[in-house]
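Visitor: I would like to go through this structure step by step. Please show it to me before we start.

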Amino acid sequence: MALATETPTNLSPQKGTGIIGVHGVTKRFPGVIAVNNVSLSIHPGEVHVLLGENGAGKSTLVGMLAGLQEPDEGYLTLEGQKTRLASPSASLDAGISTVFQHSMLVPTLTVFENLTLGAPWYERPPRAAITQRMEELKRDFALSLPLDAITGELSLGQQQQIEIARALLRDSKVLILDEATSMLTPQGAEELGARMQKLVQGGLAVIFITHKLAEAYRFGTRISVLKQGALAGEMGPEDLRGMSEDQAVDEIVRLMFGREAGAASAELRASTARAETVLKVTDLSTRGDSNVMGLQNISLDLKAGEILGVAGIDGNGQKQLAEALAGQRALAGGRVEIDGEDISLASVAQRRRKGLRYLTDDRLSEGSVGAFPISENTVLKDIGQPPFWTNGIERPHRIAQHARDLIAKFSVRTPSETTPIGRLSGGNIQKVLLGRELSGDARVVVFNKPTYGLDLQNIDTSRQRIAEIASRGLGVVLISTDLDELMALSDRIAVMEGGRVRGILRNDGSGEVLRLRIGRMMAGEEEQKQATA
Amino acid sequence: MDGLLTEAFLSSLFTGAIVAAVPMLLAGLGEQMSEKAGVLNIGIEGMMLMGAYMGFLVAFKTDSLWLGFVGGILGGLMVAIAMAVLCVRLGLNQIVIGIGLTLGAEGLTALLHHFQFSRTYPRLPVPERLNIPGLTDLPVIGPSLFGRHLIVYLALLAVIILALLYRRTNLGMTLRAAGESPAALDVAGGNVLGIRVFAVLFTGAMAGLGGAYLANIGAGLFVPFMTGGAGFIGIVLAMLARGRPFWVLIGSLIFGAALSLTTALQVAGSNIPTDVIQMLPFAAVMLVLVLFGRRAKLPSALGAAYERGAR
């Protein structure tokens with residue numbers, strides 16, 4: 001764009017300070033150093049990947065570039081000039097646009113309104129100008145958006161396109177994409193990768209934050225690896241050109257973990273399914289409304305020791321299915337049986353006692369009470385039950401001991417069991433919840449996106465645990481948006497789309513063929529034509 | 001019940017409905033803007049009462065109803081400024097502060113009135129009315145619909161202006177964004193706290209004007225605690241109206257009619273006990289809530305203070 005003509009003249013293109021310079025930046029939060037003495041240089045025309053585990057400091061770094069936080073030490077430069085980004089509007093004025101991990105759109109506004117959000121109140125909405133610019137974006141970057149649609153009704157991929165379009169409409173020089181592919185289908189991620197290439201060719205600088213190694217290699221011009229808040233290493237364009245994907249991934253893994261981890265994608269698990277059926281779902285339906293998708297006639301069965309994967313693009317009824325199984329959502333029809341016993345009308349607690357366990361994806365608000373210590377969160381679903389309560393009296397020592405065991409067994413990183421769970425990182429909260437659901441006498445465990453947002457090591461251990469649970473003879477329903485995960489673990493994969501199960505496929509190890517079939521089902525069989533404005 | 005449908009009954013019903021509806025309409029429109037921006041403004045009752053007191057005082061001292069309305073607006077604004085500082089700037093709990101401000105305004109206005117007028121309740125002269133030849137002379141509805149003070153028609157105009165503002169302008173969009181997802185507005189470069197302060201002050205001005213109308217036009221005098229829950233009904237109206245000013249108008253007319261039945265039934269000499277009659281508006285509130293309350297849709301961030309980067 002405009003930037004292509006104004007290359008900095010006083011700096012050599014290879015080693016200059018770039019459009020944004022991060023110089024020895026440190027940011028502390030109570031008890032942690034989130035970012036520790038990090039220096040980076042962002043160049044126009046490059047996709048700069050920031051790679052790291054959860055808690056490596058990526059989001060804090062993004063926050064500082066977006067003006068949400070200011071560094072405690074160190075400073076930022078903009079085209080060589082020292083600068084302060086004290087507020088989001090200062091960051092925007094500096095030409096930095098951020099697409100955050102969690103959507104920063106107002107769901108009740110139209111696409112057009114979200115595109116103009118933040119404009120001075122006294123101006124008239126520039127309808128004609130935006131329409132014209134959107135035509136250009138459609139031509140140059142294949143960004144096509146229905147301007148008058150209500151934002152909340154669009155898919156997550158389209159919502160992300162709105163945020164990218166908004167950045168382009170502002171003539172940004174730097175575009176930050178924080179975990180931008182985590183909500184997208186594999187095809188959507190590929191499209192985003194292609195779009196990023198087009199953007200940097202236009203002279204933009206893109207900062208792409210991810211924890212997926214393959215994406216980092218495929219999309220990135222330059223890769224910086226963060227580890228526990230510090231910069232662990234950087235791979236420039238000249239390094240990356242000389243490497244194959246496998247070599248690059250090995251190198252990144254070495255930088256991230258300081259050890260040679262094996263293959264990044266696990267091999268197909270040997271089936272441990274037995275003959276007996278533990279969970280049977282017949283014609284299950286739930287009511288939906290404008291906010292919540294209803295389920296229609298879902299039938300499943302699950303054998304002991306089997307892992308039934310549930311695939312689908314996020315928001316196609318997976319959450320509702322999990323809640324209907326756990327008893328948190330009323331059925332409009334159909335039945336649910338566990339070990340042949342009808343539990344369609346049973347309460348959450350009754351189902352739990354029958355051995356049905358549900359691990360929510362909403363760890364913070366639904367899965368735990370943030371202000372309570374870890375110890376109390378480990379027994380949240382057993383309140384009043386022995387051995388933690390006897391005759392209605394709480395036994396704090398037993399609870400504390402139980403919590404300490406769980407912390408050790410699941411390697412939860414925390415100062416002590418009395419720390420409020422809300423202070424832990426997402427990965428560590430997940431470990432506590434996993435430990436809680438697996439304690440006691442479980443028959444069926446429903447996992448909703450169990451590894452979402454976790455770092456590689458935790459993903460790996462979580463998957464091993466899931467496999468181990470199945471090998472102990474428990475039935476596992478594994479809801480996930482990560483196809484690799486489903487294909488590595490599941491015996492069979494049910495594909496959900498629009499609140500229905502489109503099909504249940506046996507995971508026969510046919511790899512790409514199966515992946516393509518699942519992908520087509522996830523998209524609703526017929527390829528839906530993209531809505532054009 | 002045939003005897004009820006006399007001209008006197010209907011005329012006093014219509015007149016009473018409009019007189020009672022206007023303060024609630026103004027309060028409801030004001031509250032609606034606060035709620036859109038994400039501030040649950042429970043202090044509105046206090047703002048209204050302060051507006052009634054100040055409006056009456058200024059009108060009484062200056063002999064000018066219009067200056068009285070300005071006084072009412074200033075009175076409402078004074079309470080609103082406190083609300084804006086405490087709840088928006090400092091992020092304190094909106095419900096606690098709102099109740100505190102209402103109780104404070106009740107006590108303060110009663111005290112000041114007592115100092116100034118002791119136990120007398122001086123009256124203002126009867127306000128001049130609009131007289132549209134032809135229309136005002138119509139039987140039954142003429143005087144009640146077309147013979148009101150000019151401020152009534154300005155309130156109706158406000159309904160239209162606000163509806164356009166919410167739909168067609170950047171200001172309206174910014175207000176909605178501040179109530180729905182303040183973080184999104186913030187990172188888009190908008191000013192969340194600024195727009196919320198504006199909304200709270202607007203609520204104060206509208207509630208103050210409503211209070212001044214209540215004192216100067218409705219009653220012609222100031223009595224301590226005279227708002228009697230009209231501000232709270234404004235909150236209910238704003239919640240039921242799903243963000244649409246037009247529905248605030250409809251709602252205020254329904255509640256106004258329920259209130260005016262009280263007087264109209266007495267005019268008609270009905271033998272229903274007064275206690276039952278005076279319950280009517282509140283029974284109407286509950287009835288409407290039962291019928292439509294489930295459909296009320298409120299902004300997601302309503303009642304939550306915004307702090308950048310909080311997680």
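**Burial, packing and contacts**

Guide: This is a predicted model. A:Ser285 has 17 C-beta neighbours inside 10 Å, so it counts as partly exposed. A:Ser285 belongs to strand 11 (residues 277-285) of chain A.

Visitor: Which residues is A:Ser285 in contact with, leaving aside its neighbours within four places in sequence?

Guide: A contact here requires C-beta atoms within 7 Å. With neighbours within four places in sequence left aside, the contacts of A:Ser285 are A:Gly294, A:Leu295, A:Gln296, A:Asn297, A:Leu331, A:Ala332, A:Gly333 and A:Gly334.

Visitor: How far apart in space are A:Ser285 and A:Arg335, C-alpha to C-alpha?

Guide: In sequence, A:Ser285 and A:Arg335 are 50 residues apart. In space, C-alpha to C-alpha, the distance between A:Ser285 and A:Arg335 is 8.9 Å.

Visitor: How many residues of helix 4 of chain A are buried?

Guide: Helix 4 of chain A covers residues 127-141, and its 15 residues reach 20 Å from first C-alpha to last, close to the 21 Å expected at 1.5 Å a residue. A:Ala142 follows helix 4 of chain A and has a positive phi, near 55°. Helix 4 of chain A is hardly covered, and the count of buried residues among its 15 is one.

Visitor: What is the secondary structure of chain B, and how much of chain B is buried?

Guide: Chain B comes to twelve helices and zero strands. Residues 24 or more positions apart make up 77% of the contacts in chain B with a separation of 6 or more. Of the 311 residues of chain B, the share that counts as buried is 51%.

Visitor: Is helix 7 of chain B enclosed or exposed, and what covers its buried residues?

Guide: Helix 7 (residues 170-180) of chain B has ten of its eleven residues buried, so it is largely enclosed by the rest of the structure. The buried residues include B:Asn170, B:Arg176 and B:Glu180, along with B:Met173 and B:Leu175. The cover over these buried residues includes helix 3 of chain A, together with helix 1 (7-36), helix 6 (150-168), helix 8 (182-187) and helix 9 of chain B.

Visitor: Which residues make the contact between helix 1 of chain B and helix 6 of chain B?

Guide: Helix 1 of chain B and helix 6 of chain B pack at an angle of about 35°, with axes 10 Å apart, and their crossing is left-handed. The residues of this contact divide into ten nonpolar, no polar and no charged. Helix 1 of chain B supplies B:Ile18, B:Val22, B:Leu25, B:Leu26 and B:Leu29, and helix 6 of chain B supplies B:Val152, B:Ala155, B:Ala158, B:Val159 and B:Leu162.

Visitor: How do the residues of the contact of helix 3 of chain B with helix 9 of chain B divide by class?

Guide: Helix 3 (residues 65-89) of chain B packs against helix 9 (residues 192-219) of chain B at an angle of about 145°, with their axes 6 Å apart. The crossing of helix 3 of chain B with helix 9 of chain B is right-handed. The residues of this contact divide into 18 nonpolar, ten polar and two charged.

Visitor: Which element gives the largest share of the largest nonpolar core?

Guide: The largest nonpolar core has 169 residues, and those with the most contacts inside it are A:Ile176, A:Val206, A:Phe208, B:Leu26 and B:Ala52. Another core, of 60 residues, lies apart from it, with A:Leu279 and A:Val336 among them. The largest share of the 169-residue core is 17 residues, and it comes from helix 9 of chain B.

Visitor: Which helix gives the most to the side of chain A that touches chain B?

Guide: Between the chains, 24 residues of chain A are in contact with 18 residues of chain B. By class, the side of chain A that touches chain B has 15 nonpolar, seven polar and two charged residues. The elements giving two or more residues to this side are helix 2 (88-93) and helix 3 (111-116) of chain A. The most, three residues, comes from helix 2 of chain A.

Conventions: Residues numbered from 1 in each chain as written. Chains lettered and ligands numbered in written order. Predicted model: local features only at pLDDT ≥ 70, side-chain atom pairs only at ≥ 80, totals over all residues. Helix = DSSP H or I, 4+ residues; strand = E, 2+ residues; numbered from the N terminus. Expected span 1.5 Å × (residues − 1). Buried ≥ 20, exposed ≤ 12 C-beta atoms within 10 Å, placed from the backbone. Axes fitted to C-alpha atoms, helices over the stretch in contact; angles between N-to-C directions. Left-handed = near helix turned anticlockwise from the far one by under 90°. Nonpolar A, V, L, I, M, F, W, Y, C, P; charged D, E, K, R; others polar. Core = buried A, V, L, I, M, F, W, Y, C linked by C-beta atoms within 7 Å. Contact = placed C-beta atoms within 7 Å.
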